Amino acid sequence: MSSAETELEVLEYYLSEVDNGNYRNIKEEKFENLTDNEDAVEAAEERYENRRDEAQHKKKVRTTLMAAFLRNGLIERVTNWEFKKLFPLRTLDIDSADVLIGNQTDGSIILIIILPLRQRPNTGIEDAVEMLEGVRDNNSTLSDDIGLDFRNDRIQTAIAIGPARANDTATAIEQYEQSNTNPEEFYVWRIAGTQGEKIDVFTDFPGNSGSDRQHDGNLGQVLDEGREVMDSPHVLPDFFYDTHHSLLLEHTVTKMASNRNESEIPNTHFSRQELQDYFQETLHGSDSNHKATQLADRVLRLWEHIDLVTEMKSSNDQIEDGSTSYRFKSRKQNTKSIYDDIAEDYDQRSVEFLLEIEAMEKAIDQFREDKGIQADLAAFST
Amino acid sequence: MEVFEVPPDEFEDGPEFNRYLSRNYSALSGDDLYIISGVTELTQAEFEEQLEERGWKTDREYGVIKKIGSQYSQDHRAEAYLHFDQDEQLFFFYTDQRKTEEINDAVVPLLRTIRGVHYLYISPRILKEVTEQIAEQNESAKVTEFIAKRTEGTEIPALERPDEERTINYYGDDGLRTLREVEQKYGVLPHILEIDIPGELNFRIDKEGVFKLKSGSLSLMFEYLDECITQCLDIKEAYDSTRVEDIEIAEDNVVSQSTPARIELNLEFDDLGPLKTSLQDNDYALIDTNAERGSVYFSSKIYDQENNLFFNIRADKNAIRVFPKEERDIGTFFRFFEIIQSTVDEHAEPESINYPLASS
C-alpha cells in the first residue's frame with residue numbers, strides 16, 4: 001500500500017466517522033499548530049520530497065530494466081533472458097517484486113527487486129525471501145501468468161541498487177547466507193546511477209567474491225562487462241501504479257488538457273472515463289483496468305480535497321460520456337498555461353495535506369480514546 | 001504586386017531552374033529575389049495538399065516547378081514558384097514579393113503551421129563558417145551587414161560580461177572583421193548576414209532559411225549554401241532514425257517502444273537551469289523532470305504546446321536522447337534541436353542511432 005493510500009484512508013475515516021464538533025476543533029487546532037511549527041513543516045516537506053524522489057528512482061530503474069530486457073532490448077538481443085512482467089506478484093496477494101525476467105530455454109526466472117532509497121538492504125532481503133516463498137507456492141498460477149513454466153529450483157533474485165549501495169547490499173547478502181543453511185540465490189545489480197542508465201552485476205563481495213556472484217551463461221558475461229542502455233529503444237510509460245501523486249498530476253494535467261486541443265470543450269474539463277482510459281493505457285497488463293479504476297479513485301479524492309479539481313454539474317457537462325466530469329480549477333486556457341497554473345503551488349498544497357492528515361490522526365486518536373474503539377484503520381478500509 | 005513571370009518552359013530539376021534564374025532574373029524583375037526554404041517529412045503530394053487546405057492553388061506548372069498563389073486577405077495575394085526536392089525532402093519558394101507583406105504574412109506561416117514541416121534551420125555556427133569559407137575563397141568578399149546574438153546559457157566565451165544576453169546589429173563594409181571582433185569580445189554569433197562579392201554575388205541569409213538574392217548568380221549562392229543544407233539534412237536524418245514500434249509482451253499486452261536520436265553535446269549540471277527556462281519560454285512544458293548531479297543525468301517528458309505533442313528526453317554529459325512518443329513531428333525535433341544549440345552548446349550535433357528493428 002502506498003503512503004498516499006494510507007493518508008487517504010485516514011482522510012476518509014476522519015470525514016465519515018470523526019469530523020464533527022469537538023473533534024473538528026481538535027483537528028483544526030492541531031493543524032494550525034503544525035503549520036506554525038517550522039520543524040513540522042520542514043519534516044512534511046522532506047517526507048514529500050523523499051517520496052517523490054523514490055518514485056522517480058524506481059521509474060528510472062524500471063524503465064532501464066525494461067529497455068534492456070524487453071524484446072529487441074540491448075541484453076535481450078544477446079541472451080535468452082526476456083522481460084516477462086512488471087509487479088509479477090501483485091495478483092497473488094504477496095508484496096510484489098518490481099520486475100520478473102525469464103529464460104524460456106531452461107525454465108529459469110529472476111525476480112528483480114528495486115531496493116527503495118530509504119530501505120536497508122537486509123530489510124529488502126527479508127522481503128525478498130517472503131516473495132520467493134510466495135512464488136514457489138504459486139508456481140503454476142505465475143507460470144500461466146507469464147507464459148513460462150519455471151522450475152522452483154531455478155529462481156534467482158537480483159537486488160537492484162544504485163552503485164553507491166553495492167557494498168552494503170553485498171554485506172547484507174553475506175550475513176543472510178551465513179545465518180541460513182539453505183539460502184536463496186541473491187545477486188546484486190547496479191542499475192542507473194548518476195552515470196546514466198547502465199546495468200552490471202556487482203561481484204566484489206567483502207567475504208566471498210568471484211564467479212559465484214555472477215549469473216551463468218551469456219547473462220553472466222554480459223552483466224559482468226555491464227551494458228549502457230541509454231541509446232537503445234525504451235518503453236517509457238508516464239507512470240507506474242505506485243508513482244507519487246505529484247508526478248501523476250504533472251502527466252495527467254497535460255494529457256487531459258491536450259485531449260481537448262481541437263475541441264470546443266474547455267481544456268480544463270475531463271471525465272472520469274477519460275482519466276481511467278489514460279491510466280489503463282499507461283499501466284497496461286492483465287489487471288490494468290482494475291488498477292486504473294483504483295488509481296483514478298485515489299487521485300480524484302485527493303485532488304478534490306486539496307481543491308485542485310471540482311466535479312462538474314451535470315448541466316455543465318459537455319463531455320457527456322456517461323461518467324462524471326471534472327474540471328481543473330484554473331482560469332488559464334492553453335495546456336501549458338493550465339499546467340503551469342495547477343502545478344505552481346501543488347507542492348505547498350501537498351505538504352499542507354500531509355500536515356492536515358497528522359492533525360486528523362490526532363483527532364482520530366482522541367475519538368477512539370473517547371469511544372473506546374480498538375479497531376485500526378485497516379479494518380475500516382476493508 | 002504579382003510575382004515575376006517566367007516564360008513557359010519545362011524545368012527538369014531545381015538546379016536547372018536556378019541556372020535559368022541566374023541568367024535571366026535581372027530581366028524578369030527589378031526587385032530582390034527571396035527564397036524561403038524548408039524541410040519536410042511529407043511527400044510532395046501531402047505537402048501540396050496541405051498548401052491547398054490553406055488556400056494555395058497551383059496556377060501553372062513548369063516541369064518540376066509550380067507557380068502557386070493564395071488570396072490571403074481581401075486586398076492581398078501572395079504568389080511564388082515552388083520547387084519540391086523529392087530526393088532530399090526539401091522545398092523552396094521563390095518570390096520577389098514584399099518581405100514585410102506577402103512573405104511574412106502568407107509564406108512564412110506555412111513553415112510554422114503545417115505539421116511535418118520546418119524551416120531550413122541554419123545554425124549560427126554554420127553561418128559563421130560559411131562566411132569564413134566565402135572570405136577565404138574570394139579576396140574581395142565582404143560582410144556588409146549582420147545581426148549577431150548572444151543567447152542565455154551559451155558556452156561561447158566572451159571577454160566582456162559573459163552573463164549578458166545581447167544583440168548586435170551592424171552595418172559596414174568591414175563586417176567580417178567586426179564579426180570576428182564582437183564574437184571574441186562579446187561572445188555573439190550571427191543570425192542574419194549580408195555578403196557581397198562585388199561583381200559576382202550579393203545576398204542575405206538568415207538562420208531560418210530565408211535567402212535574399214540582391215544580385216548575381218543564384219547557382220553560386222546555392223554552392224555556398226551547400227554546407228548549410230547538408231547540416232540541415234543531418235538533423236533530418238537523425239529525426240528519421242527515430243521510431244515508435246509496438247512490442248507484444250504477452251497476449252493482449254502490447255507496449256510502445258521508442259528508439260531515440262542523439263544530440264551530441266557537452267552538458268553540465270549548470271546548463272540544466274537555463275535549458276529548462278529556455279524550454280518553458282518557448283512553449284514547452286517539462287513534466288516529471290529528474291535531474292541528478294554527479295556525472296549529470298537528466299530526464300523529462302516534454303509537452304510541445306506549438307505542435308500539441310509529447311516526447312521524452314534522457315541525457316548525460318555527452319548527449320541528449322530524444323524519444324518520440326506516439327506521434328512524431330519533424331518540426332518538434334528541429335525546434336528542440338535549435339533550442340539546445342542556442343542554450344546549451346552551439347556545437348551540438350545530431351546523430352542517428354540506427355538501432356536494429358525488433359523484427360530483424
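User: In this model, at what angle do the axes of helix α7 and helix α9 of chain B cross, and within what distance do they come?

Analyst: The model is predicted, and what follows is computed from it. Helix α7 (residues 226-240) of chain B and helix α9 (residues 330-343) of chain B cross at roughly 125°, and their axes come within 10 Å.

User: Which residues make the contact between α7(B) and α9(B)?

Analyst: From α7(B) they are I235(B), K236(B) and Y239(B). The α9(B) side consists of I330(B), F333(B), F334(B) and F337(B). By class, this contact has 6 nonpolar residues, no polar ones and 1 charged residue.

User: Chain A has a helix pair too. At what angle do α4(A) and α6(A) pack, and how far apart are their axes?

Analyst: Helix α4 (residues 121-137) of chain A packs against helix α6 (residues 166-178) of chain A at about 50°, and the axes are 8 Å apart. The two helices are therefore oblique to each other. The crossing of α4(A) past α6(A) is right-handed.

User: Which residues of α4(A) and α6(A) make the contact, and how do they divide by class?

Analyst: α4(A) supplies P121(A), N122(A) and I125(A). α6(A) supplies D168(A), T169(A), A172(A), I173(A), Q175(A) and Y176(A). These residues divide into 5 nonpolar, 3 polar and 1 charged.

User: Now the sheets. What is the strand order in the 7-stranded sheet of chain A?

Analyst: In general, the strands of a sheet pair through backbone hydrogen bonds, either parallel or antiparallel. In chain A, 7 strands form an open sheet in the order β1-β2-β3-β4-β5-β6-β7, with mixed pairing. The edge strands are β1 (81-86) and β7 (227-228) of chain A, each of which pairs on one side only.

User: In which sense do β3 and β4 of chain A pair, and over how many bridges?

Analyst: Strand β3 (residues 108-114) of chain A pairs with strand β4 (residues 155-161) of chain A in the parallel sense, over 6 bridges.

User: Which strands of chain A pair with β11(A)?

Analyst: Strand β9 (residues 269-271) of chain A pairs with strand β11 (residues 325-328) of chain A in the antiparallel sense over 3 bridges. Here S271(A) stands opposite S325(A). Strand β10 (residues 309-311) of chain A also pairs with β11(A) in the antiparallel sense, over 3 bridges, and T310(A) has R327(A) as its bridge partner.

User: How many residues does each chain give to the contact between the chains?

Analyst: Chain B gives 34 residues and chain A gives 30. On the chain B side, the elements that give two or more residues are β12 (243-250), β13 (253-259), β15 (284-292), β16 (297-304), β17 (309-315) and β18 (319-324). The largest share of that side, 6 residues, comes from β13(B). By class, the side of chain B that touches chain A has 13 nonpolar, 12 polar and 9 charged residues.

User: What is the strand order of the sheet that holds β8(A) and β13(B)?

Analyst: The order is β8(A)-β13(B)-β12(B), an open sheet of 3 strands with antiparallel pairing. β8 of chain A and β12 of chain B stand at the edges with a single partner strand each, so one side of each is left without a neighbour in the sheet. Strand β8 (residues 234-235) of chain A is joined to β13(B) by 2 bridges, and V235(A) has Q257(B) as its bridge partner. β12(B) and β13(B) pair over 7 bridges, with S256(B) as the partner of D246(B).

User: Which domains does the assignment give for chain B?

Analyst: The assignment gives domain 1 (14-119), domain 2 (124-207) and domain 3 (245-351). The centres of domain 1 and domain 2 of chain B, taken over C-alpha atoms, are separated by 28 Å.

Definitions and conventions:
Residues are numbered from 1 along each chain as its sequence is written. Chains are lettered from A and ligands numbered from 1 in the order in which they are written. This is a predicted model: local features need pLDDT of at least 70, side-chain atom pairs count only at pLDDT 80 or more; totals for chains, interfaces and linings use all residues. Axes are lines fitted to C-alpha atoms, for helices over the stretch in contact, and angles run from 0 to 180 degrees between N-to-C directions. Helices (H or I, at least four residues) and strands (E, at least two) are DSSP runs, numbered from the N terminus. Angles under 35 degrees count as roughly parallel, over 145 as roughly antiparallel, 65 to 115 as roughly perpendicular and the rest as oblique. A crossing is left-handed if the near helix is turned anticlockwise from the far one by less than a right angle, and right-handed if clockwise. Two residues are in contact if their C-beta atoms, placed from the backbone, lie within 7 Å. Ala, Val, Leu, Ile, Met, Phe, Trp, Tyr, Cys and Pro count as nonpolar, Asp, Glu, Lys and Arg as charged, and the others, Gly among them, as polar. Two strands pair if DSSP finds at least two bridges between them. Domain bounds come from an automatic or database domain assignment.
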